[in-house]
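These notebook entries record what I looked up in one structure. I worked from the coordinates and kept each entry brief.

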Amino acid sequence: MKKYHVVVIGGGGTGAAIAYDLVKRGFNATVLDRGELTSGTTGRHHGQLHCGARYAVGDRAIARECMEETNTLRKIASESLESNYGLFVALNDEDEAFAPTFIDACLESGIPAEKVPRKQALLMEPKLSDKIGTVVQVPDGTIDAWRLPLQFFAGAQQGGAVIRPFCPVTGIEIEGGRAVAVRIRDLVQKKDERIEADLIVNATGAWAPQITKLAGIDIPITPAPGTMLAVRKRLCNMVISHLHPSGDGDIIVPQRGLSIIGTTQYKTDDPDDIKVPREDVDFLYRCADEMVPEFSKQPFHAAWIAARPLAGKSESIEDGRGLSRDFVCVNHGEHDDVHGLMSVIGGKATVLRAMAEKTVDAVCHELGVQEPCTTTETPLPSHRQYYRKGAK
Amino acid sequence: MSTQERNFRILRGGGPSGTPVEFKNYSLELNEHATVLDALEWIRVEQAPDLMYRHSCHHGSCGTCGMTVNGKPKLACLTKVEDLAAGDIKLEPLVGMEPLGDLAVSPVSLMSAYPADSGYIRESEVNKDAARPEAVERFERFENCIECGLCMAACPVEDEFQGPAVLAALNRELAKTPERRAEILHAAGRPDGVYRCERALECSRVCPTAVYPAKHIMELRKELEKESGAE
């Protein structure tokens, strides 16, 4: 087969997994990021490995995919995961009424949700509030939001991908209705460059409209920033979630020596112009204390904010929660008459590999390549491999 | 919320492009919660779109944003501007890593120095006797070390030295894989190993995640002494 060259714009988790999948299917791949890898939304993730329980009531298909991808990541990237399961805890009568629906939805999505006696739950996590009611155990976990993508980048690099942080894209060249090259500014070498591509994948998440604009295309993405708060003590081993329909401040994720509570959600126009609203910090402390009362007594570690990319126009929504968390791969050849350019929109950290598989399936279809995806079986190289001498 | 204007003197240029280095000034209004990384983000957005610095997690877990802040190695994301002395704030790239330009550095030499096959997962020390889900053999967690290189930058040893981060990782491997004892102690006892340490303890002082590398170096020394005593 002809060795096609695919340029991936965006060095977040999605770009990492796409580059890995591309080289595994025989493509040449170049990844470009305007700054350091995972310096946009990916790295600032609170780190929950979502088994899908949180989504099951709303969307069984997404929940099922999360479960499958959780299992796959445990197989191929175990060094970037704390695989300690999670507990959903009911805190009031409304939660209790919701519990049976929640458990049924999980089981229907292939998630082995299991009711745990209250006493047993307190033996698993002694710092849980003694006011908890029904407790449901699910196979959640914790992701290292920097090292998991690095493992994919290491695999991509091993397969010949060229990964170039600090190379912002300044233009997309279109000839005869087809995107044929990107222009970049290489900040490391301080020079401008033109890179030819058989296909360009825009994987810049909340920044995607800025890239498509270079090709004269407007795409509907709403940056939805959310605040996270970490205290300097690991209070639990399992992920603790509020057993209710999705809402703000309902997940405590342990990670290393930290406990992290997330998150809130707004909508904004500019993903670069985000600041932690201070009222969020007090709100998150209160939410965390309802589940783990010692949370707010621990030393403050950090509060930060990340702009998730949600598919949809901001006018059509109240607070961002109405927007889909699903992932869409848009072929701009079909939608905007600019061939050779695709944008991947939305999605979740846990399903980065599956998003990459669907994207590269679409790339293969577009370029007439028939190669199956093979990213579910082989364990990825260590995150450090990406930076080892001679690895490039 | 109170705000205050602060001036940052940032070392620009350098790296493979051979651009001459010079300090440039950037002033901005900051609230009392702002970190050095927050300030860099806003400087990049509002004043210097081509400013290079590394960052990812913004909460001290990735280890990418190490830099020299007023002469000391620090993580930009965990350093509150308000806690720095009044006057200009001087930012330079982290010592001991290859400069890429501005404040960005390459961690290749550090990452290459870590023991090749060392794992990143350890048993959790929290609630050790707790009950567990049937499918969870043991509660586990990531290693404390976030590979930021601050300890390597702070270490005053001038001779060839594997350095605190690498030796701490070796001691963690010894704890996790006692069957590799001979090989690990051999690496630790090399001429560039634990005996180069001058016990200045700077590594433990600057470590943002309480790895206490100096303690690991002392433990390795003790293990080496046991070995030589046994011979």
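**Entry 1: the model**

I noted at the outset that this is a predicted model.

**Entry 2: the contact between chain B and chain A**

I began with the interface. Chain B gives 55 residues to the contact, and chain A gives 55 residues. I recorded a buried area of about 4800 Å² between the two chains, with 56% of this area coming from carbon and sulfur atoms.

I next looked up the polar side of the contact. Between chain B and chain A there are 30 residue pairs in polar contact, both residues being at pLDDT 80 or more. On the side of chain B that touches chain A, the elements giving two or more residues are α1 (36-46), α2 (108-113) and β9 (140-142) of chain B. The search across this interface returned 5 salt bridges. I also looked up the pair D272(A) and R44(B), whose side chains form a salt bridge with an N to O distance of 4.0 Å.

**Entry 3: a sheet in chain A**

I found an open sheet of 3 strands in chain A, in the order β10-β11-β12 and with antiparallel pairing. Its edge strands are β10 (169-175) and β12 (191-196), each of which pairs on one side only. On average, neighbouring strands of this sheet are turned by 25° against each other, direction ignored. Strand β11 (residues 178-186) is joined to β12(A) by 6 bridges. Opposite A181(A) I found E196(A) in β12(A).

I followed R194(A) to its partner E173(A), with the closest N and O atoms 2.8 Å apart.

R164(A) belongs to strand β9 (residues 162-164) and E193(A) to strand β12 of chain A, so the pair links parts 29 residues apart in sequence. The relative accessible area is 16% for R164(A), which is buried, and 25% for E193(A), which is partly exposed.

**Entry 4: helix α3 of chain A**

K75(A) forms a salt bridge with E377(A), at 3.9 Å between the closest N and O atoms. K75(A) is in helix α3 and E377(A) in the segment after α10 (352-367) of chain A, so the pair ties together parts 302 residues apart in sequence. E377(A) is exposed, at 54% relative accessible area, and K75(A) is partly exposed, at 45%.

T72(A) also lies in helix α3 (residues 60-76) of chain A. I listed T72(A) as buried because its relative accessible area is 10%, under the 20% cut-off. Residues up to four places away in sequence not being counted, T72(A) touches R353(A) and T376(A).

**Entry 5: R190(B)**

I located R190(B) in the loop between α5 (181-188) and α6 (202-206) of chain B. R190(B) is partly exposed, at 36% relative accessibility. The C-alpha atoms of R190(B) and F161(B) are 9.5 Å apart, and the two residues are 29 residues apart along the chain.

Note on methods:
Residues numbered from 1 in each chain as written. Chains lettered and ligands numbered in written order. Predicted model: local features only at pLDDT ≥ 70, side-chain atom pairs only at ≥ 80, totals over all residues. Heavy atoms only, no water. Pairing = 2+ DSSP bridges. Helix = DSSP H or I, 4+ residues; strand = E, 2+ residues; numbered from the N terminus. Axes fitted to C-alpha atoms, helices over the stretch in contact; angles between N-to-C directions. Buried < 20%, exposed > 50% of the residue type's maximum accessible area, 1.4 Å probe, protein only. Contact = heavy atoms within 4.5 Å. Buried area = accessible area lost by both parts, 1.4 Å probe. Polar contact = N/O pair within 3.5 Å; in protein donor to acceptor, adjacent residues only side chain to side chain.
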